Amino acid sequence: MPAAPAPSPSPRRGARSWLRREGLPLVVMLLLLVVARSSLANHYHVPSGSMEPTLMPGDRVVVDMRAYGVRVPLAGWTVWPGAAPAPGDVVVFRSPEDGTRLIKRVVAVGGDRVDLQDGHLTINGVALAPAPGLPENFGARQARLALDAGGGPDIDGLVVPEGQVLVLGDHRGASLDGRYFGLVDSDAIYGQARGVFWRRGDGPLWRRL
């Protein structure tokens, strides 16, 4: 008499087996992708001309999320400290006014005395541009300015408190920046822009910031 066929596994048992075998690795991979995107690198789409000529509207920028410390996504806890924001850095942060994600240049850090006249910066009594029309010198970085719309509001003798930074746009007369929404906490800056990888009309490229 032929043996009875072995009972086939139930669909529920098969689903559980698949979840153990394939589902868990998939979930882990997705979590790692979220962590990498939130803590290691990201990109930013430049919406306006407030950073011209450094950045143009439509530019896509690589943002290094590790530059100022590695943070746990959503919680914001710093698990690995990084460098402090430095003058000349182009950074991504949320506006202290309304939380909008912005990209600007750090021009002064805690302890700096800032004067701004007709769009030209003087930090601790030293003019950053050696002559009108030349780039401002931030040491390792230089910033070319756009002053076709004027220099915007002036600053007279502002001393930046420790733990905060002043951010400005390179298009000084057309930038909604720290002159309007105030200083930014250093730990509220979550990424440093490293370079442009796409420019409208030109396509893929690499322009280091």
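Good morning. I begin with Lys104, which lies in strand E6, residues 101-109; strands here are DSSP runs of at least two residues, numbered from the N terminus. The model is predicted, so local features need pLDDT of at least 70 and side-chain atom pairs count only at pLDDT 80 or more, while totals for chains, interfaces and linings use all residues. Residues are numbered from 1 along each chain as its sequence is written, and side-chain values use heavy atoms, without hydrogens or water.

Lys104 is buried, that is, under 20% relative accessible area with a 1.4 Å probe and protein chains only. Which side chain of opposite charge is nearest to Lys104? It is Asp177, 5.6 Å away, and Lys104 has no salt bridge, meaning a side-chain nitrogen of Lys or Arg within 4 Å of a carboxyl oxygen of Asp or Glu. Lys and Arg count as positive, Asp and Glu as negative, and His and the chain ends are not counted.

The side chain of Lys104 does make polar contacts, with the side chains of Ser50 at 2.9 Å and Ser175 at 3.1 Å. A polar contact is a pair of N or O atoms within 3.5 Å; within protein, one must be able to donate a hydrogen and the other to accept it, and residues adjacent in sequence count only if both atoms are side-chain atoms.

I turn now to the backbone. A cis peptide bond, with omega of about 0 degrees, joins Glu52 and Pro53. Pro53 is in the loop between strands E1 (41-45) and E2 (60-64). Asp118, not a glycine, has a positive phi of about 55 degrees. Most residues other than glycine have a negative phi, and most peptide bonds are trans. Thank you.

Key: Helices (H or I, at least four residues) and strands (E, at least two) are DSSP runs, numbered from the N terminus. Buried means under 20% relative accessible area, exposed over 50%, partly exposed in between (1.4 Å probe, protein chains only).
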